[in-house]
Amino acid sequence: MPDLPVYDCPRTPTAPNLDGSLTDPAWNIAPWTTPFVDITGAGPAPRFRTRAKLMYDDEYLYVGGLLEEPHVWSTMREKNTKLFEENNFELFLDPDGDGLNYYEFEINPLGTIWELTLPKPYIDGGVPVDPTNLPGLRTAIDIDGTLNDPSDTDTGWSVEIAVPWADLAPYNEGRGTPPEPGDEWRMNLMRCQWPHSVDDGTYVKGTEGEFWVWSPQYVVDMHRPDRWGVLRF
């Protein structure tokens with residue numbers, strides 16, 4: 001199996017204004033991830049580019065995702081539902097890297113979120129703590145185009161997430177939170193993308209979703225934390 005990707009996460013001296021657009025100058029300090037690839041590491045190249053940036057300060061881990069998308073659509077408005085059944089963006093964090101007690105976050109273009117905790121992976125009999133909503137979490141969405149309008153072509157959508165260190169500390173017992181420079185966590189990022197058709201001016205989800213990730217899993221299963229990449233502070 002190839003080496004895991006590594007993201008060197010900078011400390012920002014200035015907190016970004018979270019409006020979903022990633023245009024705040026504070027983001028200039030953060031490099032882009034490599035573009036997302038098929039979850040299996042062997043499938044066709046993703047049809048649309050997806051990249052992310054991360055940075056941190058004393059209070060938050062900031063995550064920004066930029067998703068190219070000619071047709072931004074979404075229907076799921078109920079919090080803590082299975083957002084992967086439509087197009088979404090996802091974050092997975094295992095701060096101590098033991099493959100246990102890790103955090104999953106999902107968001108869609110409507111700004112609907114789902115958060116949960118996995119005591120251990122599903123393949124090992126894990127039963128999620130669902131939901132696990134972090135009280136200090138902040139999110140924002142920006143649509144570069146028009147949401148749910150099949151009559152035009154969009155550029156894409158973007159997301160900003162601020163995850164409080166105080167809420168992540170229970171996932172990192174025995175280690176410092178916020179992390180110290182040089183500390184390493186395990187992380188992955190995923191985009192779920194579904195084909196669609198248009199029926200009477202409305203997007204209709206197709207079958208056979210596509211799953212594009214930062215760190216390839218080599219199977220269609222995001223819950224293999226040993227195959228997640230390295231988030232280095």
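Which residue stands opposite H196 in strand 12? The residue is K205. This report describes a predicted model, in which local features need pLDDT of at least 70, side-chain atom pairs count only at pLDDT 80 or more, and totals for chains, interfaces and linings use all residues. Residues are numbered from 1 along each chain as its sequence is written, and side-chain values use heavy atoms, with hydrogens and water left out.

**Strands and sheet**

Helices (H or I, at least four residues) and strands (E, at least two) are DSSP runs, numbered from the N terminus. Two strands pair if DSSP finds at least two bridges between them. Strand 11 (residues 196-199) and strand 12 (residues 202-205) run antiparallel and are joined by 4 bridges. Their hairpin has 2 residues between the strands, and D200 takes a positive phi near 55° there.

An open sheet of 4 strands has the order 3-4-9-8, with antiparallel pairing. Strand 3 (50-56) and strand 8 (138-144) are its edge strands, each pairing on one side only. From one strand to the next the twist averages 10°; axes are lines fitted to C-alpha atoms, and angles run from 0 to 180 degrees between N-to-C directions. L67 stands opposite W157 in strand 9.

**Aromatic pairs**

Rings of Phe, Tyr and Trp (its six-membered ring) pair if their centres lie within 6.5 Å; planes under 30 degrees apart count as stacked, over 60 as edge-to-face and the rest as tilted. The whole structure holds 14 aromatic pairs. Two of the pairs are set out below.

| Pair | Centre to centre | Angle of planes | Type |
|---|---|---|---|
| Y102 and W228 | 5.0 Å | 85° | edge-to-face |
| W165 and F233 | 5.8 Å | 70° | edge-to-face |

Y102 is in strand 6 and W228 in the loop between strand 13 (210-213) and strand 14 (229-232), so this pair links distant parts of the chain, 126 residues apart. Buried means under 20% relative accessible area, exposed over 50%, partly exposed in between (1.4 Å probe, protein chains only). Y102 is buried, with a relative accessible area of 0%, and W228 is also buried, at 0%.

W165 lies in helix 1 (residues 165-168) and F233 in the segment after strand 14, so their pair ties together parts that are 68 residues apart in sequence. Both W165 and F233 are buried. One aromatic cluster is formed by Y56, W165, W185 and F233.

**Pocket and cavity**

On a 1 Å grid over the protein atoms alone, a cavity is a set of points where a 1.4 Å probe fits but cannot get out, and a pocket is an open set with protein on both sides within 12 Å along at least five of seven lines; lining residues have an atom within 4 Å of a point. A volume is the space filled by probe spheres set on the points, which are joined across faces, edges and corners.

The largest pocket has a volume of about 250 Å³. It is lined by 16 residues, of which F84, E90, M190, M222 and H223 are the closest to its centre. Strand 5 (88-94), strand 6 (102-107), strand 7 (113-118) and strand 10 (184-193) each supply at least two residues of this lining.

The structure holds 1 cavity of 30 Å³ or more. The residues lining the largest cavity are M1, P2, D3, L4, P5, S215, P216, Y218 and R227.
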